[in-house]
Amino acid sequence: MALSVDEAVPGPASDPTPHARRRTGGGSRARAVIEGGLLLLLAVAMLFPVLWMVETSIKDGRDVYAVPAQFIGFDATLDHYRDVFVKPGGGRSDLSVAFLNSVIVAGASTALATLLGVPAAWAYSRFTLKAKKDQLFFILSTRFMPPVVVVIPIFLMYRDLGLINTKLGLVLIYTAFNVPFTIWMMKGFIDEVPAEYEDAAMLDGYSRFQAFYKVTLPLLVPGIAATAVFALIFSWNEFVFAIFLTSSSDVRTAPPAIAGLIGGTTVDWGLVAASAVVFALPVLVFTYLVRKHLVAGVTLGAVRR
Amino acid sequence: MGTVSAQGLRKSFGDVQALNDVTLEVPDGSFFVVLGPSGAGKTTTLRALAGLERLDAGTVHLDGRDATHDPPAARDLAMVFQSYALYPRQTAFENIASPLRARKAPADEIRTAVAQVAELLHIERLLDRRPAQMSGGEMQRVALARALVRRPRAFLMDEPLTNLDLKLRVEMRTELTRIHRSLGGTFVYVTNDQVEALSMADHLAVLRDGTVQQVGTPTEVYERPANKWVAGFVGSPRISLLACHAEGDQLIGAEGWKLPRPQWATAEDGRPLLLGLRAEDLSVERRSDVALDGELYGLEPLGDRALVDVKIGDAMVKVKARPTVTGTRGERMSVAVDLDRAHLFDADTGLALAGTGR
């Protein structure tokens, strides 16, 4: 009964492949080799672009264009990484400003979505509301369309409101996209916490909100963390709104800024690759941190009930 | 003071009418048990008293004051939940201290109060543990301690013993009665276990499908059940009901048997009735003229006694007998009936005939 949310989430499947254990003949060994080979092939195909990106980011400009391409044996350099953050003449580069903008926009929109979404999810989990299922479906339906469908109307509205080319504008639109997700995912986590904890707290003498704050909220911390990371990754990676709604380099976030490096007469692929690596790192780290919830959190959190 | 009064409580969940005009008067200092099968609305009744359910209709008065719209915190009640609902991240001490902390009691007062109640329930050694490190019985005691640490208007208990094993349940039954005697206070106790209800209650309300069937002392409910449903629900083994009707000075059974008509059996002749006979008011050992003839159907030895199933025509009666009783299936048997203790119900309405049993 005293199941915390953390314990309720099953870890990633850890059982060794059962059929490899069951039979011990030569057939199973051949099977394992084929399986391993296929997986390796898939891994190479998937990881090659990543490997190429990392390689390009530490290659000298002329080695990038070398024919035949060199996988090893080139002179490694960190110049491109320096160029990501520092202007050639000194001072902060445009890209470093873009990264800072990304941190601000993604952070603020995630904080806002969590602040709005968690109490809403609590209400949907605990209270009898009219047409609750329809409301929840409506909330979810805002995520049915890809952003590009609504980007024109949003652009026109933002132009009238003076939100074009502002960080606030991006924060608001990302929040709008993250709140439904937060509500759905958090509702799943809150459903897992027995409502009787709050009932007991109310009889202890706490108000309804105090009961939520004192008893339920501490149990939700792992869930909130997982949900927030998902929201953060969405905001961090978002490209369509960012490129349509911003134009100046002091507002622009990293995705359009990196895309902006391509074009013109010469492309400094080393710089593009280095900034892409810098851009990908935070997401990789966060994804690693919540890998347990990545599968379990979504299925258990949102789909059940 | 600690009176709890519920008038005409109604509550429905969707199409399900959980409470249908429930009225209860819990006197100050009583051990008031609400007994009923699962789904009868017992828990909903208790939650309504606690202020955890919004009622469709009805009022709740605490100490004579209308508290229908008071939030739970303002009602000054304590509750023990069936699932215990102990806060998982808190130690037993913190759990027990919670009601005092919520009311901003000073720290030394909290420590004294928790120590006292821990001693009362013998859980001193558990105080540093979290719920996950406790057994069901231990959690149950901590949940009880969280309620008893304060002196609220009334204690509400929602089947607190249901999740315990039998031995522990019997122990805690005695213990709760002891606690009620030593602490005083008003207890409203919900259970589906009639043994619990009969042994602990000084007032008993029997609930079925959201309506109160009967209120009285355990003896009253057992000895004078208001209708055939209560008669069937309270008492183990279950009361045997035989279809019959009155004719002149006789009761004539549907299977052809005849018994003298009790004086108090006021029903008009020919009206379909049900004769209710409890196992202990029947005997296969005693010789009597007031008896039913049947044949032995089954024998259930229970150690201290035996239950004998006797077939009277197509109907079956259960008879309590000494454990030494023997017999073979199909053997003719005469079942002596203690008619002074029998019950008669109207077969159509199910209601007991006035004066039944006495």
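Predicted model: local features only at pLDDT ≥ 70, side-chain atom pairs only at ≥ 80, totals over all residues.
For the complex, the predictor gives an ipTM of 0.86 and a pTM of 0.80. Residues are numbered from 1 along each chain as its sequence is written, and chains are lettered from A in the order in which they are written. Local features need a pLDDT of at least 70, side-chain atom pairs count only at pLDDT 80 or more, and totals for chains, interfaces and linings use all residues.

Start with strand S16 of chain B, residues 291–301. Strands (E, at least two residues) and helices (H or I, at least four) are DSSP runs, numbered from the N terminus. Two strands pair if DSSP finds at least two bridges between them. S16(B) pairs with S17(B), residues 306–312, in the antiparallel sense over six bridges. Four residues separate the two strands of this hairpin, and Gly303(B) in the turn has a positive phi of about 90°.

Now follow S17(B) onward. Seven bridges join S17(B) to S18(B), residues 315–321, and the two run antiparallel. This hairpin has two residues between its strands, and Gly313(B) takes a positive phi near 65°. Val308(B) is the bridge partner of Leu299(B). Val308(B) also stands opposite Val319(B) in S18(B).

Turn to the contact between the chains. Chain B gives 21 residues and chain A gives 17; residues are in contact if their C-beta atoms, placed from the backbone, lie within 7 Å. On the chain B side, strand S6 (77–80) and helix H2 (92–102) each supply at least two residues.

Methods: Contact = placed C-beta atoms within 7 Å.
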